[in-house]
Amino acid sequence: MKLGKDFFARDADIVARELLGKVLCRKIDNNVLKAKIVETEAYFDEKDPASRASKGENKVSKMMKQEPGKILVYNVHKYKMLNFVSGKKGVASAVLIRAVEPLNFEAKTSGPGLLTSALKINDEFHGKFQDEKNLLWVEESADNEEFEIVKSFRIGVTKDLPEKLRFYIKGNKFVSRW
DNA sequence: CATATGATGGACT
DNA sequence: GTCCATCATATGG
């Protein structure tokens with residue numbers, strides 16, 4: 001079952017935590033690649049010094065104010081980042097997918113740049129709803145596997161808030177760092 | 001095992 | 001030219 005707009009229409013830290021264990025799906029040709037989300041980070045509005053929204057109006061902050069459930073693809077260095085817009089429309093808020101665990105394919109996905117490469121995610125998805133075209137979406141996990149959620153400070157961020165806004169599944173080997 | 005550093009390219013000033 | 005929500009490699013214990 002796919003996650004709807006309501007799922008994303010909450011605060012980024014809640015969405016980030018609840019995305020853990022959900023299944024990210026990517027349709028390529030007639031194959032659907034499935035991967036469990038194991039690591040996320042929450043990003044907020046201009047109060048958040050790590051967020052692009054704190055640097056004024058730009059491509060990213062505009063998209064973060066769009067409707068929840070939209071896909072935000074952002075380019076850092078030569079890699080893409082996969083985010084989902086969260087919160088209410090008009091408020092800058094998003095969740096970064098940092099790492100996934102491949103369920104029915106083999107790939108290195110232990111990092112935000114690696115997983116977008118493995119799933120062939122590019123600018124084509126930027127600004128689309130998460131299930132538009134049925135090429136990329138998130139659904140409930142099939143199993144009810146137990147896992148422990150750990151909070152930590154964000155990674156690779158030059159300026160951070162004194163809050164723990166990174167969430168990951170404890171002990172999962174695809175988490176980029178713990 | 002750990003931490004440090006250079007390559008990398010798009011967006012912005 | 002500067003900044004950056006990264007990665008792979010190199011170095012040291």
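With which side chain does the side chain of E67 make a polar contact? In this predicted model, for which local features need pLDDT of at least 70, side-chain atom pairs count only at pLDDT 80 or more, and totals for chains, interfaces and linings use all residues, the partner is the side chain of K5, at 3.3 Å. Residues are numbered from 1 along each chain as its sequence is written, chains are lettered from A and ligands numbered from 1 in the order in which they are written, and side-chain values use heavy atoms, with hydrogens and water left out.

A polar contact is here a pair of N or O atoms within 3.5 Å; within protein, one atom must be able to donate a hydrogen and the other to accept it, and residues adjacent in sequence count only if both atoms are side-chain atoms. E67 is placed in the loop between helix 3 (59-64) and strand 3 (71-76), where helices (H or I, at least four residues) and strands (E, at least two) are DSSP runs numbered from the N terminus. With 22% relative accessibility, E67 counts as partly exposed, on a scale in which buried means under 20% relative accessible area, exposed over 50%, and partly exposed in between (1.4 Å probe, protein chains only). When neighbours within four places in sequence are left aside, E67 is in contact (heavy atoms within 4.5 Å) with K5, V85, K89 and F129. The C-alpha atoms of E67 and V85 are 6.9 Å apart, although 18 residues separate the two in sequence. F129 also carries a charge over its ring, since the charged end of K70 sits 5.3 Å from the ring centre; the criterion is NZ of Lys or CZ of Arg within 6 Å of the ring centre and within 35 degrees of the ring normal.

The aromatic residues were examined next. A pair of aromatic rings is described by the distance of the centres and the angle of the planes. Rings of Phe, Tyr and Trp (its six-membered ring) are taken to pair if their centres lie within 6.5 Å, with planes under 30 degrees apart counted as stacked, over 60 as edge-to-face and the rest as tilted. A search of the whole structure returns two aromatic pairs. In one of them, the ring centres of F7 and F8 are 5.2 Å apart and the planes stand at 75°, so this pair is edge-to-face. In the other, the rings of F8 and F84 have centres 5.4 Å apart and planes at 40°, so the pair is tilted. Because F8 belongs to helix 1 (residues 5-8) and F84 to strand 4, the latter pair ties together parts that are 76 residues apart in sequence. F7 and F8 are both buried, F84 is likewise buried, and F7, F8 and F84 form one aromatic cluster. The charged end of R10 sits over the ring of F7, at 4.9 Å from its centre.

A further buried position is T40, in strand 2 (residues 31-43), for which the relative accessible area is 0%. A polar atom of the T40 side chain lies 2.9 Å from the backbone oxygen of A16, and the residues that T40 touches, not counting those up to four places away in sequence, include A16, L20, I97 and F167.

DNA strand C is surrounded by 18 residues, of which the closest are Y43, M81, N83, G113 and G156. Strand 4 (79-85), strand 5 (94-102) and helix 4 (112-118) each supply at least two residues of this surface. Around DNA strand B, the residues are N58, K59, N75, V76, H77 and K78. A polar backbone atom of H77 is 2.7 Å from a base nitrogen of DNA strand B, and a backbone N or O atom of K59 lies 3.2 Å from a phosphate oxygen of DNA strand B.

How values were computed: A residue is near a molecule or strand if one of its heavy atoms lies within 4 Å of it.
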